[in-house]
Amino acid sequence: YTITEGAQPSSAGHSGFALTGIQCILASDPNNPVNGNIANGEVSVNLTPGDSAVCTYTNQQKPRLTIVKNVVNPVDPDDATQFGFTASGLSPGSFSLADADEQVFTDITAGGSLTVTETAQAGWALTTLACAGQGSGSLTTDLSTGSVSGDLGYAADVVCTFVNVKQ
């Protein structure tokens, strides 16, 4: 018998799930589990008449990272200045955000190295850079370089906020 798990459902803004394990335990041979192929979601089990198997597919939620941009401009509260960002280990590799904008990354490899850096903007000072949420402890923020780096594990859901003040 061959059992296959189909593609994982996903929707915009949600990180979806990753297949991380497949294992079948045969009643006739419980000490020798059959492991499946995670790449194609398939496991093959040979059963004899009267035998049975319990197959377990393990899925874990992929990490999600949200970058939020906030600005403080006492002269022009509606300032629409765009701030540039570069990212490594994430897609897209570059993006721009204005006040109250956000960039959500959902196609993140769990445990993979990532960095997001804000490009310095003339006339503005980055005054706060903080990350919060499940898994935020695995990220390091560096206000002097305007960067967040580290890695996120399965089920991480982190929001990092960059705050700039008009000089």
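Cys131 is partly exposed, with a relative accessible area of 21%; partly exposed denotes a value between buried (under 20%) and exposed (over 50%), computed with a 1.4 Å probe on protein chains only. The model is predicted, so that local features need pLDDT of at least 70 and side-chain atom pairs count only at pLDDT 80 or more, while totals for chains, interfaces and linings use all residues. Residues are numbered from 1 along each chain as its sequence is written, and side-chain values use heavy atoms, with hydrogens and water left out.

Cys131 forms a disulfide with Cys160, the sulfur atoms being 2.0 Å apart; a disulfide is defined here as a pair of cysteine sulfur atoms within 2.5 Å. The link is right-handed, with 110 degrees about the S-S bond. It connects distant parts of the chain, as Cys131 belongs to strand 11 and Cys160 to strand 14, 29 residues apart. Strands are DSSP runs (E, at least two residues), numbered from the N terminus. Cys160 is buried, at 0% relative accessibility.

The structure holds two disulfides. A disulfide also joins Cys24 to Cys55, with an S to S distance of 2.0 Å. Because Cys24 lies in strand 2 (residues 17-26) and Cys55 in strand 5 (residues 53-61), this pair ties together parts that are 31 residues apart in sequence. Cys24 is buried at 0%, whereas Cys55 is partly exposed at 27%.

The largest nonpolar core has 23 residues, and Leu65, Ile67, Val116 and Phe162 have the most contacts inside it. Such a core is a set of buried Ala, Val, Leu, Ile, Met, Phe, Trp, Tyr and Cys residues joined through side-chain atoms within 4.5 Å. Two or more residues each come from strands 6, 7, 8 (94-97), 10 (113-118), 11 (124-134) and 14 (157-166). Apart from this core lies another of six residues, among them Ile22, Leu26, Val43 and Val45.

Two further residues can be examined individually. Thr81 is found in the loop between strand 6 (64-72) and strand 7 (83-88), and is buried, with a relative accessible area of 19%. Its side chain makes a polar contact with that of Asp79 at 2.4 Å; a polar contact is a pair of N or O atoms within 3.5 Å, where within protein one must be able to donate a hydrogen and the other to accept it, and residues adjacent in sequence count only if both atoms are side-chain atoms. Tyr1, in the segment before strand 1 (2-4), is exposed at 68%. Tyr1 and Leu47 are 46 residues apart in sequence and 7.5 Å apart in space, C-alpha to C-alpha.

Key:
Helix = DSSP H or I, 4+ residues; strand = E, 2+ residues; numbered from the N terminus.
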